[in-house]
2 protein chains.
Amino acid sequence: MVKKTLKQRIVDASVELFQQDGYHNVTVDRIVEYIGASKGGFYHNFKSKDELLYEIHDVFISYVIQQSQAAYDKFDTPITRLCAMLQTLTQVFDMYQAHITIFYEESRSLSDEYSDIIHKKRDHYRDILQRVIAEGQEAKVFRTELPCTIVTMAIVGMINWTYKWFKQSGPLTMEQITDVFTDMVLRAIVTEQAMGEAKQFIIKG
Amino acid sequence: MVKKTLKQRIVDASVELFQQDGYHNVTVDRIVEYIGASKGGFYHNFKSKDELLYEIHDVFISYVIQQSQAAYDKFDTPITRLCAMLQTLTQVFDMYQAHITIFYEESRSLSDEYSDIIHKKRDHYRDILQRVIAEGQEAKVFRTELPCTIVTMAIVGMINWTYKWFKQSGPLTMEQITDVFTDMVLRAIVTEQAMGEAKQFIIKG
DNA sequence: TTTTACAAACCGACTAGTCGGTATTTCACT
DNA sequence: AGTGAAATACCGACTAGTCGGTTTGTAAAA
């Protein structure tokens, strides 16, 4: 697959440009000029600039959902599932930082027809994580005194926020950061009696 | 102060409209129409739409910095300082949710002259928190095996992300959420030997 | 009289989307 | 395989509309 389709080149260029300057500050003219194409070519592949934005959103969130579900299916205890999901998510966030930036900063620019679909998928992603937390609480592996919705959003926030500050050129790799996050989350929510199982994921002092 | 100045009315309306629809989707015409004023009045009070956006940013971040610093000054141990800052921050985030949405989603729309100032202040806010973490590590109250920069960003992410999902009409108040966050953070980072001092902030199971 | 505070019409730059056209590929039929 | 027609992919000048900002006007305050 040496030859990239024009459509793919448009998407790739847009992801880059949208991340840098934001959806509204990037014109269709600029996108096509950037890849040496034309407006005709653009509107042959997309019915609108909106549709392009939607496609970028969808590719990303669908991938996140699929990966999260795979991490869930691969293991069978709350702690291992949670760790796998944390690892998977940060990995995705490492690779798709540009997509995430667009996903979380430009979703308001989606027209109504698209935003419903995207919002549903976003909720689905959260639900997968929340299910792990809830199941862990039922099994008394995670502390039941913490509301599982808040715990879920605390974790989601911690991870999602990385797109704002993580630099691949920074002093720590995403793997190292993941280890710290995993440590913090497990310490925060695992019960005393289940801490034995979690010990292997805790950083030694 | 029954009479609000036009300037204040413009700011208030803009905060509301920007949060709802985003900076680029709200025209100056719409702002002035919303409050029953004119474009002349707008440009009498602001030299540009950019300046208005800047002012909204600045009011908010300056307040956050001031409140964070006050929380720091009010106490004299890492744990109490951290708890006070968590409480202060979530309180601010409860009150200024619209400002925060704008602050974190529209800062890219700031022109260069303004964005430098805002970015510096944003870093300053983070530094105040990071200092508490670092001081806690020096005092062996917080675990030194966790890099303080990552811990800081994990906390910042957890708190900041609330602006995406917290609803004042939701089942939990911001105070209750703060208690959960505080519990999780302390459990995650306080050392075994200092846990005694932190116990009062931990939710009992 | 000058300044302040706002109103309302207006302008110029910019941009999403269109449309008529051309190059390239696909494919049915010899 | 070779051919030609139809479908597909792409081009680029043009348009209609939008929006930030300006200019001119005006009434009250200082």
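Visitor: Which elements supply at least two residues of the surface near DNA strand C, and what makes a residue count as near?

Guide: A residue is near a strand if one of its heavy atoms lies within 4 Å of that strand, and by this test helix 3 of chain A and helix 3 of chain B each supply at least two residues of the surface near DNA strand C. A helix here is a DSSP run of H or I with at least four residues, numbered from the N terminus, whereas a strand of the protein would be a run of E with at least two. Helix 3 of chain B gives the most to this surface, with three residues. Altogether 13 residues surround DNA strand C, and the closest are Val28(A), Lys39(A), Tyr43(A), Lys49(A) and Ser38(B).

Visitor: What should I keep in mind about the origin of these values?

Guide: The model is predicted, so local features need pLDDT of at least 70 and side-chain atom pairs count only at pLDDT 80 or more, while totals for chains, interfaces and linings use all residues. Residues are numbered from 1 along each chain as its sequence is written, chains are lettered from A and ligands numbered from 1 in the order in which they are written, and side-chain values use heavy atoms, with hydrogens and water left out.

Visitor: Why is the approach of Lys39(A) to DNA strand C called a polar contact?

Guide: A polar contact is a pair of N or O atoms within 3.5 Å; within protein, one must also be able to donate a hydrogen and the other to accept it, and residues adjacent in sequence count only if both atoms are side-chain atoms. A polar side-chain atom of Lys39(A) lies 2.7 Å from a base nitrogen of DNA strand C, so the pair meets the distance rule. Phosphate oxygens of DNA strand C are also approached, at 3.1 Å by a polar side-chain atom of Lys49(A) and at 3.4 Å by an N or O atom in the side chain of His44(B). Of the atoms of DNA strand C within 4 Å of the protein, 62% belong to sugar or phosphate and the rest to bases.

Visitor: How many residues surround DNA strand D, and which of its atoms do they approach?

Guide: There are 15, the closest being Ser38(A), Gly40(A), Val28(B), Lys39(B) and Lys49(B). One phosphate oxygen of DNA strand D is 2.9 Å from an N or O atom in the side chain of Ser38(A), another contact of that kind involves Lys49(B) at 2.8 Å, and a base oxygen is 3.1 Å from a polar backbone atom of Gly40(A). Two or more residues of this surface come from helix 3 (39–45) of chain A and from helix 3 (39–45) of chain B, and helix 3 of chain A gives the most, with five residues.

Visitor: How do you know that a DNA-binding region has been annotated in chain A?

Guide: An unreviewed UniProt entry places that feature at residues 27–46 of chain A; such positions are given in the numbering used here, feature names are shortened, and annotations may be inferred rather than shown by experiment. In the model, residues 27–46 of chain A are 70% helix and 0% strand.

Visitor: Why is the pair Glu106(B) and Arg108(A) called a salt bridge?

Guide: The term requires a side-chain nitrogen of Lys or Arg within 4 Å of a carboxyl oxygen of Asp or Glu, and the closest N and O atoms of Glu106(B) and Arg108(A) are 2.6 Å apart, so the pair qualifies.
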